[in-house]
Amino acid sequence: MAERLTLEEVSYSYPLPGREDLPALDGISLAVEPGEVLCVAGANGSGKSTLAQVCAGLLAPTAGSMGYGGEKIEGRRRLLSFRRKVGLLFQNAEDQLFADTVFEDVAFGPRNHGLKGEELETRVASAAGHAGIDLDELGGRSPFSLSEGEKRRVALAGVLALDPEVLVLDEPFIGLDFDNGERLKGVLGAYREERGASVVIVTHELADAWSLADRFVLLDGGRCAAVEEKSELVRGDIELAGLGMRLPQWGALARGLIRCGVAVADPSDPVVLARAMAERRRASDGR
Ligand SMILES: Nc1ncnc2c1ncn2[C@@H]1O[C@H](COP(=O)(O)OP(=O)(O)OP(=O)(O)O)[C@@H](O)[C@H]1O
Ligand SMILES: [Mg+2]
């Protein structure tokens, strides 16, 4: 079961040799609640990948502090212990893959955690299965010989094989076809349920995380512009276009219905929206 991950006034600047540091995150305060799916969204360059790496303990904040389960993540021992609980899927699969074979790539993390023999094989097979990788077909291949979508799925399998309490995924839907995108949504939802894990999904397209996410963190130029629930995003005043984003179609439809005075229980469920429209129609026909 995951614990609460907190960021307090976290900033991060990239050191640039011979030049001034480049600020990428500025005073971010947020919490990832145990077992929630949190979507981090924003335009290109808004700091999403930097925040993902900070959340995974790979980049240490240049200012501010982080905590997990009520304890500050500070000092090497606590940082290493925190890192073992988090899995990060990088935006670019090639930054993650390195082994000679797909099997070895997926096995690397759990092997490092001390798994071996049958336990290791089972963990690898289960993670590969969840990620949609057929080990009989691809297990012996070099990960670098795979298609982009296959590489991303192998990288995902490697992260799932770590069995993390906190799963951070940077643009996990890019490059996946419809079936694999839907499969990933199912896997993430089930992983959260069964593992009690927290899931952080980074995306520039709200639609990708719309059905899964409980809350949305909107980044703008390295700052947190808002943290909203789906219903608040649909009803709210945040001008998404100004942040380089848009509501997904279901959200836009829900917003239109609400503005016409129709109550909408779940703005991510097309069946709920269709019912709301039908009821509105019946009500106006009966008038
Ligand atoms: N390794 C790096 N060295 C220096 N600056 C960097 C580095 N990585 C990112 N940046 C800068 O930090 C800022 C935030 O970048 P980041 O990659 O976090 O944005 P992003 O929201 O993930 O963008 P995208 O949607 O394109 O993936 C940008 O100004 C970027 O140029
Ligand atoms: Mg990015």
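User: Let's start with ligand 1. How many residues surround it, and which are the closest?
Analyst: This is a predicted model, to be clear. In it, 13 residues surround ligand 1. The closest are Asn 44, Gly 45, Lys 48, Ser 49 and Thr 50.

User: What does the side chain of Asn 44 do there?
Analyst: An N or O atom of the Asn 44 side chain sits 2.8 Å from an oxygen atom of ligand 1.

User: And which backbone atoms come up to the oxygen atoms of ligand 1?
Analyst: Ser 46 has a polar backbone atom 3.2 Å from an oxygen atom of ligand 1. Gly 47 has a backbone N or O atom 3.1 Å from an oxygen atom of ligand 1.

User: How much of ligand 1 does the protein cover?
Analyst: On its own, ligand 1 has 630 Å² of accessible area, and the protein covers 64% of that.

User: Which elements give two or more residues to the shell?
Analyst: Those are β2, residues 22-32, and α1, residues 48-55. The largest share comes from α1, with three residues.

User: New topic. How many salt bridges in the whole structure?
Analyst: The search finds twelve. One of them joins the side chains of Arg 4 and Glu 33, at 3.0 Å from N to O.

User: Where do those two sit in the chain?
Analyst: Arg 4 is in the segment before β1 (5-14). Glu 33 is in the loop between β2 and β3 (37-42). They are 29 residues apart, so the pair links distant parts of the chain.

User: How accessible are Arg 4 and Glu 33?
Analyst: Arg 4 is at 41% relative accessibility, so it counts as partly exposed. Glu 33 is at 28%, so it is partly exposed as well.

User: What about Arg 223 and Asp 26?
Analyst: Their side chains meet in a salt bridge, 2.8 Å from N to O. Arg 223 lies in strand β10 (residues 223-229) and Asp 26 in strand β2, so the pair ties together parts 197 residues apart in sequence. Asp 26 counts as partly exposed, at 34% relative accessibility.

User: And Arg 195, which side chain does it meet?
Analyst: Arg 195 meets Asp 163 in a salt bridge, 2.8 Å from N to O. Arg 195 belongs to helix α7 (residues 178-195). Asp 163 is in the loop between α6 (148-160) and β7 (166-170). This pair is 32 residues apart and links distant parts of the chain.

User: Why do those two count as partly exposed?
Analyst: Because Arg 195 is at 22% relative accessibility and Asp 163 has a relative accessible area of 28%.

User: Which residues are linked in a network of salt bridges?
Analyst: Glu 94, Glu 148 and Lys 151 are linked that way.

User: Now Asp 105. Buried or exposed?
Analyst: Asp 105 is buried, yet has no salt bridge. The nearest side chain of opposite charge is Arg 111, 11 Å away.

User: Where is Asp 105, and what does its side chain reach?
Analyst: Asp 105 is in helix α3, residues 102-112. Its side chain reaches the backbone nitrogen of Phe 98 at 3.0 Å.

User: What else does Asp 105 touch?
Analyst: Leaving out residues up to four places away in sequence, Asp 105 touches Gln 96, Leu 97, Phe 98, Ala 99, Pro 143 and Val 154.

Definitions and conventions: Residues numbered from 1 in each chain as written. Chains lettered and ligands numbered in written order. Predicted model: local features only at pLDDT ≥ 70, side-chain atom pairs only at ≥ 80, totals over all residues. Heavy atoms only, no water. Helix = DSSP H or I, 4+ residues; strand = E, 2+ residues; numbered from the N terminus. Buried < 20%, exposed > 50% of the residue type's maximum accessible area, 1.4 Å probe, protein only. Lys, Arg positive; Asp, Glu negative; His and termini not counted. Salt bridge = Lys/Arg side-chain N within 4 Å of Asp/Glu carboxyl O. Polar contact = N/O pair within 3.5 Å; in protein donor to acceptor, adjacent residues only side chain to side chain. Contact = heavy atoms within 4.5 Å. Near = heavy atom within 4 Å. Areas by Shrake-Rupley, 256 points an atom, 1.4 Å probe, with all protein chains shown as cover.
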